[in-house]
Amino acid sequence: MPADLSLTPMTDADYLTRANAVLASVEAAVDAWLDADLVDIDANRSGGLLEMSFPNRSVIVLNTQPPLHEIWLAARSGGFHYKFTNGAWRDTRDGRDLFDALSVCASEQAGQPLRFTPPA
C-alpha cells in the first residue's frame, strides 16, 4: 500500500456495514439507470458479491473480502483491491478511489458516461 495512505481501523462489523453500503449504493445506481432507461445493466447480488452484466456481454464484479477487509473489483480492464483508507475505499496499489475506478470501468463497458458515488 502506498506510504501516504493510512488504513482506517475497523472491526469486522464496521467492515461489513461499510462494504454492504457500497454494494447497496452501486446496486441502487444501476436500478435507477435501468428505471430511467439510461442503460440496460443487469445487476445480480448474492451476499457479498455484486455482478453487473452489460449489453455487450461484458461483466463487472464487486466482491467483498471480509477476512482482508477489502472490496475487489474485476472488470475488462483488470482486477483491483480496495481498503477503507482516509475515509474512502482506496486501491491498495495506487490509492485510486473505488467509485472513480468503477465509474471509468462501467463507462468503458457501457459505451457511455456513468458515474457512481459513495453512499451518503
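Trainee: Is Thr11 buried, exposed or partly exposed?

Mentor: Thr11 counts as partly exposed, because its relative accessibility is 45%. Buried means under 20% relative accessible area, exposed over 50%, and partly exposed in between, using a 1.4 Å probe and protein chains only. Thr11 is in the segment before H1.

Trainee: What should I keep in mind about the model itself?

Mentor: This is a predicted model, where local features need pLDDT of at least 70 and side-chain atom pairs count only at pLDDT 80 or more, while totals for chains, interfaces and linings use all residues. Residues are numbered from 1 along each chain as its sequence is written, and side-chain values use heavy atoms, with hydrogens and water left out.

Trainee: OK, what's the order of the elements from the N terminus on?

Mentor: They run α-β-β-β-β-β-β-α, which comes to 2 helices and 6 strands. Those are DSSP runs numbered from the N terminus: helices are H or I with at least four residues, strands are E with at least two.

Trainee: And which residues have the most contacts inside the largest nonpolar core?

Mentor: Met52, Ile60, Leu62, Leu73, Trp89 and Phe116, in a core of 33 residues. Such a core is a set of buried Ala, Val, Leu, Ile, Met, Phe, Trp, Tyr and Cys residues joined through side-chain atoms within 4.5 Å.

Trainee: Which element gives the most to this core?

Mentor: H1, with 8 residues.

Trainee: What is Met52 in contact with, leaving aside neighbours within four places in sequence?

Mentor: Its partners include Val26, Val30, Ile41, Leu102 and Phe116. Contact means heavy atoms within 4.5 Å.

Trainee: Switching topic: what's the phi of Asp37?

Mentor: Positive, about 60 degrees, although Asp37 is not a glycine. Most residues other than glycine have a negative phi. Asp37 lies in the loop between H1 and strand S1 (42-46), and at 72% relative accessibility it counts as exposed.

Trainee: And what about the phi of Arg57?

Mentor: Arg57 also has a positive phi, about 75 degrees. It sits in the loop between S2 and S3 and counts as exposed, at 78% relative accessibility.

Trainee: Last one: how many positive and negative side chains does the chain have?

Mentor: There are 9 positive and 16 negative, and the centres of the two sets lie 5 Å apart. Lys and Arg count as positive, Asp and Glu as negative, with His and the chain ends not counted. Each charge is placed at NZ of Lys, CZ of Arg, CG of Asp or CD of Glu.
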